[in-house]
Amino acid sequence: MNVLFFSSKVYDTEFFNQSNTRHKHTLNFLEVPLNRNTAVLAKGHEAVCIFVNDKANAEVLQLLAEQGVRLVALRCAGFNNVDLEAAQKLGIKVVRVPAYSPYSVAEHTLALILTLNRKTHRAYNRVKEGNFALNGLMGFDLHGKTVGLIGLGKIGLVTARILKGFGCRVLGYDVIKRDEFDEIGIEFTELPALYSESDIISLHCPLTPQTHHLINKESIASMKQGVMLINTSRGALIDTKAVIAALKTAHISYLGLDVYEEEADLFFEDLSDKVIQDDVFMRLLSFNNVLITGHQAFFTRNAMEGIASVTLQNISDFESGKMLANQIAN
Ligand code: NAI
């Protein structure tokens, strides 16, 4: 089957070509993102493979359908960038990779927590310059701290297990209760109590209309003074301006982000010789207690192998008319 990749990078080409030896699809890789200007490039392809910041809204899907596209294969778990209703109307099927190494994201979450706490990013630079002073590098024991996790799915649960290993008290909130919560030792807690009792809050729920700007002026007001906030899920879970206001008053004392609401214009590209126009993002960067990575939590060898393997299997199943286990229903 002819598959056109949008927003592809060298690592996509490498992992997908390797995995494709088992499938023999024709894979064509484009670096440009999918949007209203680039959708026409899909002519001659029955499937397109897209990533987190490609825009598959109604207009783009209509253009894809006109080129003969019948399948949108997401090479990620989140699907907030696809208009599922429009896809259904156009007869386009949408598949995704619901699970691939939840360890990749959970372990990156811990990397952000530990770096913010023990300031290893600052220590690294100091030591490189022969500065061995400890002023400003003081952290706290993670052991005994209360961590609140919002969203206890695959990634949230792995994060909880790791935190239990550190000796943390783990509070968790989800819209669904599962037996595993007790087994891991997670205390199921409604959001108001989770906000007021947690020293660290980490987000692991999907972006939906219900979770959009879940972290806002009101929810921040009910959090502990000096809280650490971590978001490795989706940028728009957080109202960035409200978080900046709380950083200025030190109500939030640490912020770790792997995702950002307006990341589509920034992340995955080398903009080091450009002037970044996003003033809100630049304000975030100016705080020394804010640590930002550019949507790299998923980026491990294990996860990339899983993503390529499941995506190509999804495409093969579509081609052979099998039931699509990873189809996203509207
Ligand atoms: P999952 O589907 O296994 O778990 C999500 C959990 O959130 C479910 O248990 C669900 O019931 C819960 N949930 C839904 N609505 C909620 C709400 N309103 N409040 C609280 N909980 C709610 O998904 P998984 O694999 O754990 O991924 C979680 C999120 O992580 C994804 O939606 C995606 O946005 C993000 N992600 C980020 C990556 C990165 O590289 N930074 C990579 C992969 C996923």
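Q: Why is Val290 called partly exposed?
A: Val290 has 19 other C-beta atoms within 10 Å. A residue is buried with 20 or more other C-beta atoms within 10 Å of its own, exposed with 12 or fewer, and partly exposed in between; C-beta atoms are placed from the backbone. Therefore Val290 counts as partly exposed. This is a predicted model, in which local features need pLDDT of at least 70, side-chain atom pairs count only at pLDDT 80 or more, and totals for chains, interfaces and linings use all residues. Residues are numbered from 1 along each chain as its sequence is written.

Q: Where does Val290 lie, and what does Val290 touch?
A: Val290 lies in strand S12. Helices (H or I, at least four residues) and strands (E, at least two) are DSSP runs, numbered from the N terminus. Leaving aside neighbours within four places in sequence, Val290 is in contact with Leu247, Leu255 and Leu284. Contact means that the C-beta atoms of two residues, placed from the backbone, lie within 7 Å. Cys168 is 122 residues from Val290 along the chain, and their C-alpha atoms are separated by 22 Å.

Q: What makes S11 and S12 a pair?
A: They are joined by three bridges, in the parallel sense. Two strands pair if DSSP finds at least two bridges between them. Three bridges meet that rule, so S11 and S12 pair.

Q: Which strands make up the open sheet of seven, and which stand at its edges?
A: The order is S8-S7-S6-S9-S10-S11-S12, with parallel pairing. The edge strands are S8 (187-188) and S12 (290-292), each pairing on one side only. Helix H4 (residues 102-118) packs on this sheet and touches S9, S10 (227-231), S11 (252-257) and S12. The direction of H4 makes about 150° with that of S10. Such angles run from 0 to 180 degrees between N-to-C directions, with axes fitted as lines to C-alpha atoms, for helices over the stretch in contact.

Q: How do you know that S10 and S11 pair?
A: Five bridges join them, and the strands run parallel. In S11, the bridge partner of Asn231 is Leu257. The chain crosses from S10 through H10 to S11, and this β-α-β crossover is right-handed. Right-handed means that, with the strands pointing away from the viewer, the path from the first strand over the helix to the second runs clockwise. S11, helix H11 (residues 279-285) and S12 also make a right-handed β-α-β unit.

Q: What makes S11 mostly covered?
A: Five of its six residues are buried. Helix H10 (residues 240-248) lies across S10, S11 and S12, at about 140° to S11.

Q: Why are S2 and S5 called edge strands?
A: S2 (26-29) and S5 (93-95) each have a single partner strand, so one side of each is left without a neighbour in the sheet. Their open sheet has five strands in the order S2-S1-S3-S4-S5, with parallel pairing. Strand S4 (residues 71-74) and S5 pair over three bridges. In S5, the bridge partner of Val72 is Val94. Helix H12 (residues 301-319) lies across S1, S3 (47-50), S4 and S5, running at about 160° to S4.

Q: Is Ser7 buried or exposed, and why?
A: Ser7 is buried, because 22 other C-beta atoms lie within 10 Å. Ser7 sits in the loop between S1 and H1. Its phi is near 55°, a positive value in a residue other than glycine.

Q: Why does Phe268 count as partly exposed?
A: Phe268 has 16 C-beta neighbours inside 10 Å, so it falls in the partly exposed class. Phe268 is in the loop between S11 and H11. The phi of Phe268 is near 75°, also positive in a residue other than glycine.

Q: Which residues come nearest to the ligand?
A: Of the 30 residues around it, Gly151, Gly153, Ile155, Pro206 and Phe298 come nearest. A residue is near a molecule if its C-beta atom, placed from the backbone, lies within 6 Å of it. Helix H6 (154-165) and H4 each supply at least two residues of the shell. The largest share, three residues, comes from H6.
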